[in-house]
Amino acid sequence: MLSYAIKRIGLALLIIFVVMLVMYAMVFLVPGDPASLALGPRATPELKHELMVRMGLDQPIYVQVWNFFRNALTGDLGYDVWSKRPVSEMIAEVFPNTLFLGAVAMSIALVAGIGLGCLAVVWQGRTVDRVLAVLSVSMISIPSFVVAIYLLLVFAVWLGWFPAIGAGEAGDWGSQIRAVVLPAAAIAITWVGYLARLVRASMLEVMSANHVRTARAFGLTQAKIVLRYALRVAIVPVVAIVAVGFGSILSSAVFVETVFSRPGIGTLITSAVQKRDFPVVMGCVLFMTAFYLTVVTLADLLMAKLDPRVRDTLRG
Amino acid sequence: MASGRRNVWRALAAEPLGVMGGAIVLTFVVMALFAPWLAPHDPFKIDVMHKFASPSLAHWAGTDQLGRDLLSRIIYGARTALGVAITATGIAGLAGILLGLVAGYGPRWLDSLLILCFDSMTSLPMIMFALAVITVLGPSTATLILVIILVSIPGYARFIRAQTLSLVRSDFILAEQAMNASTARIILLHLLPNVAGQLLVVLSMDVPVVIMLEAGLSYLSLGVKPPTPSWGNILYDGYVSLRQSPGMVIIAGIPLILATLGFTFLGEALRDALDPRLQMRTLT
């Protein structure tokens, strides 16, 4: 187990290193420098020079690379070109909003997805099952930002049940929960479809197992077998995919946060890209990659602890 | 071969959803190809006197905030969506085949290096990488296509590599090697035809994802630039004027929903008809 853990963590660190290197190389591959990109064509040479010095671009490349890595490791992600605030501070300010949004979306997806998957198995082969199959494919394929806009129009603008913009008042849980419902639902919908399909497929596999056949021989109802005996085994692949799912949920947050003008990593990075504020974009990308890799690695280690067969995958 | 093809058609025709998906896709393809003849108006013609017009006989889907005909813009938007999707998945597919074959059949150190690159790419949240590239190159349709190519290549290359590795030990390749066939001959004549067909199914399943990405980034004003019509920037125009004219945003979302559903239904039916073994890959 220990050697698997070391290998897995080593791989994650190596990937972060490559990502950082690629990100840094990208800046040098393009014509012009980040300072002129951010300031636009009408910047004065003095202004450009000042920004170059502030971003450390006046130093030799190896010093720049070294500084970039050293600073990133100590949590210093540079400064916003416009407001001159530290990028790490800006991320720390909005990230809890995105995390909360992701957690609520994942909870909705888990409850609804597993529920629908179970329903499909209980009524396997009947009309309900077929309708649910079409419904899950549709939920997987419809873009979440389109769903977000429709939800906004119906439940915020027409019915007025939920706020149309923002993340709620700080410290007021009621308003924060009201503000998270619509964006979380929009993000969750894709994963409701995914999980419903996954649970259905893995449960059908379990349904032919010996212990389920025995339960059936004892005359238990289909619903009881599904909930009490099959779900427990069928849920394992769901646990495995939740960590990866969390990463993709955070990606859809970029679009959905913008639709609801909700402060978060998504709105932060989108506005930074529009202003071509390179330090903020780089900081957000690095932070999100590191966060995502941490979640996936932890999930892998947990799975390896629960299921020894997983440990063999990195061998050889 | 001919009877095999007929079987595929029969299997496709037996799937009502696949047929429906096929019909939707065909409609959008016709729209994209014949946009200048099908569009009732010039999609760029501004007519401020008639902005936010409701659907009428003159403007079937109404007009936008500049009085441009919405239906014409949506029809031309199909051209943008399909153009970007086909160009990007096509190039990414070719590059994926090349890199996948090299990784699967080439020397081991090269394989490890490529795998590390692919894994680093796929471990980046896709949209984050896309945004980083757009910041450096600046938003445009060309950047958008490049971004989609870059984020898609690792997945395709990994798929081709896995297929190649499973083929490398098969008897017919070993026989070729025993007969001293050149590497180029083995790759081009024996490996390529066996892996390319399966990738085609994977590519077709990715078209809706690419359409979604194009529209999403154009919606964020980071993709196709106005006034070129894209379903994403049409949706954005509708979103901005949501309170004055909610009809516009409702209509603007419909082509996106229909196109992603149509391509997905068709893709799934194609996959089931051609290669049921791929089912697990797309399921998880």
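Q: Which residues of α10(B) meet α11(B), and what makes this a contact?
A: In this predicted model, B:W231, B:I234, B:L235, B:G238 and B:Y239 of α10(B) meet B:M248, B:V249, B:A252, B:G253, B:P255 and B:L256 of α11(B). The word "meet" is used because residues count as being in contact when their C-beta atoms lie within 7 Å.

Q: How many residues of the contact of α10(B) with α11(B) are nonpolar, polar and charged?
A: The contact has 9 nonpolar, 2 polar and no charged residues. Gly counts as polar in this scheme, and B:G238 and B:G253 are among the residues that meet here.

Q: Why is α10(B) called roughly antiparallel to α11(B)?
A: The axes of α10 (residues 231–240) and α11 (residues 246–274) of chain B come within 8 Å and cross at roughly 160°. An angle over 145 degrees counts as roughly antiparallel, and α10(B) is therefore roughly antiparallel to α11(B). As for handedness, the crossing of these two helices, α10(B) and α11(B), is left-handed.

Q: Which residues meet between α6(A) and α11(B), and of what class are they?
A: From α6(A) come A:V137, A:S138 and A:S141, which meet B:T260, B:L261, B:T264 and B:E268 of α11(B). By class, the residues of this contact divide into 2 nonpolar, 4 polar and 1 charged; the charged class takes in Glu, and B:E268 belongs to this contact.

Q: How many residues of chain A are in contact with chain B, and which helices supply them?
A: Between the two chains, 41 residues of chain A are in contact with 39 residues of chain B. Helices of chain A that each supply at least two residues of this side include α1 (2–29), α6 (127–141), α8 (173–207) and α13 (278–306). The side of chain A that touches chain B has 31 nonpolar, 8 polar and 2 charged residues.

Q: Which residues in the largest nonpolar core touch the most other members?
A: This core has 164 residues, and those touching the most other members are A:A148, A:I149, A:L195, A:V281, A:C284, B:I148 and B:L235. The helix that gives the most to the core is α8(A), with 18 residues.

Q: What does A:A148 touch?
A: Leaving aside residues up to four places away in sequence, A:A148 touches A:P183, A:A186, A:V256, A:V259 and A:F260. A:A148 also belongs to the residues of α7(A) that meet α8(A), where A:P183 and A:A186 are among the residues on the α8(A) side. The contact of α7(A) with α8(A) divides into 12 nonpolar, 2 polar and no charged residues. The two helices, α7(A) and α8(A), pack at an angle of about 145°, with axes 9 Å apart, in a right-handed crossing.

Q: How many helices and strands does chain A have, and what share of its residues is buried?
A: Chain A has 13 helices and 0 strands, and buried residues make up 39% of its 316 residues. A residue counts as buried if 20 or more other C-beta atoms lie within 10 Å of its own.

Key
Residues numbered from 1 in each chain as written. Chains lettered and ligands numbered in written order. Predicted model: local features only at pLDDT ≥ 70, side-chain atom pairs only at ≥ 80, totals over all residues. Axes fitted to C-alpha atoms, helices over the stretch in contact; angles between N-to-C directions. Helix = DSSP H or I, 4+ residues; strand = E, 2+ residues; numbered from the N terminus. Parallel < 35°, antiparallel > 145°, perpendicular 65-115°, else oblique. Left-handed = near helix turned anticlockwise from the far one by under 90°. Core = buried A, V, L, I, M, F, W, Y, C linked by C-beta atoms within 7 Å. Buried ≥ 20, exposed ≤ 12 C-beta atoms within 10 Å, placed from the backbone.
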